Amino acid sequence: MHFTFDNSFSGSMEGFYAPAEAAKPLSPRLLALNYRLAERLGVLVGDASAAELARVFSGGDLPEGADPIAFAYAGHQFGHFSPQLGDGRALLLGEILAPDGARFDVQLKGSGPTAFSRNGDGKAAIGPVLREFLVSEAMAAMRIPTTRALAAVATGDRVQRERSHPGAVLTRIASSHIRVGTFQFFAAHFGADHVAQLADYSIRRHFPQLVGAANPYLALLDQVIGLQCELVARWMGVGFVHGVMNTDNVAISGETIDYGPCAFMDRFAANTVFSSIDANGRYAYGRQPQIMHWNMARFAEALLPAIHRVSLADVDGAKALVEAIPERFRVVWHALVGEKLGLGHDGGDRDAKLIDSLFDQLEDHGVDFTSFFRALAMLLRGDGTMLESLLPAPDAMAPWIALWWKRIERESPGPLEHAALMDAVNPLYIPRNHKVEAALARAEEGDLAPWLELLDVVRHPYVDRVEWSDYAGPALGDAEPYRTFCGT
Ligand code: AMP
Ligand code: MG
């Protein structure tokens with residue numbers, strides 16, 4: 001078992017973290033290992049026994065070169081500032097260099113208390129660990145930037161939440177764990193020097209092209225805003241509701257992080273909320289662009305001391321960047337939905353109208369969001385049965401469909417090529433809530449088979465398979481509104 005550790009953060013960022021130590025697991029047992037990811041990362045696991053893997057990926061054995069630390073961070077949670085959060089149930093084993101030179105954090109999540117645990121136990125239950133593994137793999141398969149899951153291990157311990165659960169540890173891989181909340185921590189407690197130090201580190205690590213920019217901190221803000229616009233548009237394109245877009249859960253790398261209460265919407269409704277603690281719908285599906293805007297305003301505030309030090313005039317530049325976010329998001333969103341609808345080139349304002357009016361239609365008719373785009377492609381192939389099955393009446397969306405059809409006819413390749421292009425960007429299989437819940441319930445009882453099958457399905461989101469037809473739609477009948485919980 002070998003990792004190519006190269007720990008740049010703990011080596012150069014004294015004061016930004018606390019040393020950490022993993023709790024010894026009682027009887028670790030490997031639940032899942034992501035072999036393909038291990039290969040991509042250059043983590044050599046081939047010669048290790050299952051027992052050895054279980055010990056390493058639960059914190060029982062420390063691999064050579066690891067230097068475990070917990071990051072300090074702050075954050076706005078549901079709009080309220082907490083000056084002191086930090087890795088309370090996670091530790092960074094170290095950074096590794098992949099064979100292509102790319103740098104990644106290897107983090108153990110659920111490995112026991114750290115200096116930042118406050119009253120928490122620092123542990124994770126098996127359900128949330130397998131949920132994050134599954135959903136982050138689904139996101140990666142849909143080409144949505146995300147942290148990844150390398151391994152899941154049952155610890156043999158029990159974890160007390162609303163009831164007692166088997167404990168587990170997730171090994172999470174991220175291009176870094178630097179969050180908006182990391183910047184907020186240093187802005188709140190120290191000031192310009194520390195903010196600039198963290199920004200310089202972040203630029204070297206994620207945006208080396210910005211080294212030498214006139215005001216690198218302003219350029220950093222611009223880059224991060226661009227990545228967040230892209231990320232939130234991509235989430236919304238697959239009906240994803242993150243559920244806890246607190247500033248400590250916004251990675252500056254633009255990767256999706258923190259899969260606590262997230263879930264995918266079935267019927268389209270902009271006010272969809274799954275998280276049991278999001279009583280006011282702050283993080284509802286349709287509010288995600290506004291919240292991203294708000295979060296980026298907090299990022300700009302945290303960066304301001306550093307931006308200001310380079311040039312006073314650039315404070316206005318930062319303000320302008322933040323003010324431009326709604327329009328910047330709109331452009332990304334229209335391009336993305338245009339692609340989902342098979343609109344190969346940008347048709348300007350007329351396309352924007354067609355796209356915007358779609359969502360009212362989907363909401364009015366309670367259409368299953370994921371299936372709808374596949375049904376459009378079927379229609380192009382001359383088969384309207386799937387679309388009909390999604391609508392309350394066969395002609396419910398007829399005027400919109402007619403407009404879309406006319407628009408598609410202006411595209412150059414024929415309908416069959418178009419249908420294939422659409423299917424390549426519109427997933428057929430997402431982690432449907434009822435499937436996720438059923439798989440996690442069985443896993444908690446010790447049977448991983450349904451979870452493994454679901455994992456296989458969501459890793460292949462685009463290609464229709466008859467044997468997977470049961471995974472392609474929402475639960476039958478009137479299911480209770482779906483609720484998720486944060487308790488990872
Ligand atoms: P989250 O809601 O996952 O973004 O977590 C918010 C903060 O609470 C972070 O600082 C976590 O490290 C901390 N936290 C959450 N659960 C636990 C736990 N079981 N033990 C210790 N800290 C926790
Ligand atoms: Mg978090």
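Surface patches are made of residues with over 30% relative accessible area and no salt bridge, with like charges joined within 9 Å. In this predicted model, Arg350, Lys353, Lys406 and Arg410 form such a patch of positive charge. A magnesium ion (ligand 2) has Asn249 and Asp258 as its protein donors. The structure holds 27 salt bridges.

**Charged patches**
- Arg350 of the positive patch sits in helix H11. Its relative accessibility is 63%, so Arg350 counts as exposed.
- Asp356, Asp360, Glu363 and Asp364 make up a negative surface patch.
- Asp356 belongs to helix H11 (residues 348–364). Asp356 is partly exposed, at 39% relative accessibility.

**Magnesium site**
- OD1 of Asn249 and OD of Asp258 lie 2.1 to 2.2 Å from the magnesium ion (ligand 2).
- Asn249 and Asp258 are buried.

**Salt bridges**
- Arg40 pairs with Asp100, with the closest N and O atoms 2.9 Å apart. Arg40 lies in helix H2 (residues 35–41) and Asp100 in the loop between strands S6 and S7, so the bridge ties together parts 60 residues apart in sequence. Arg40 is partly exposed at 36%, whereas Asp100 is exposed at 54%.
- Glu437 bridges to Arg131 at 3.7 Å between the closest N and O atoms. This pair links helix H16 to helix H4, 306 residues apart. Glu437 is partly exposed at 35%; Arg131 is buried at 9%.
- Arg432 meets Asp266, with the closest N and O atoms 2.6 Å apart. Both residues lie in loops, 166 residues apart. Arg432 is buried, at 1% relative accessibility.
- Asp6, Glu95, Arg103, Asp105 and Arg205 join into one network through salt bridges that share partners.

How values were computed: Residues numbered from 1 in each chain as written. Chains lettered and ligands numbered in written order. Predicted model: local features only at pLDDT ≥ 70, side-chain atom pairs only at ≥ 80, totals over all residues. Heavy atoms only, no water. Donors = N, O, S within 2.8 Å, 3.2 Å for Na, K, Ca; no water. Buried < 20%, exposed > 50% of the residue type's maximum accessible area, 1.4 Å probe, protein only. Patch = residues over 30% accessible without salt bridge, like charges linked within 9 Å, V, L, I, M, F, W, Y side chains within 5 Å. Areas by Shrake-Rupley, 256 points an atom, 1.4 Å probe, with all protein chains shown as cover. Salt bridge = Lys/Arg side-chain N within 4 Å of Asp/Glu carboxyl O. Lys, Arg positive; Asp, Glu negative; His and termini not counted. Charge placed at Lys NZ, Arg CZ, Asp CG, Glu CD. Helix = DSSP H or I, 4+ residues; strand = E, 2+ residues; numbered from the N terminus.
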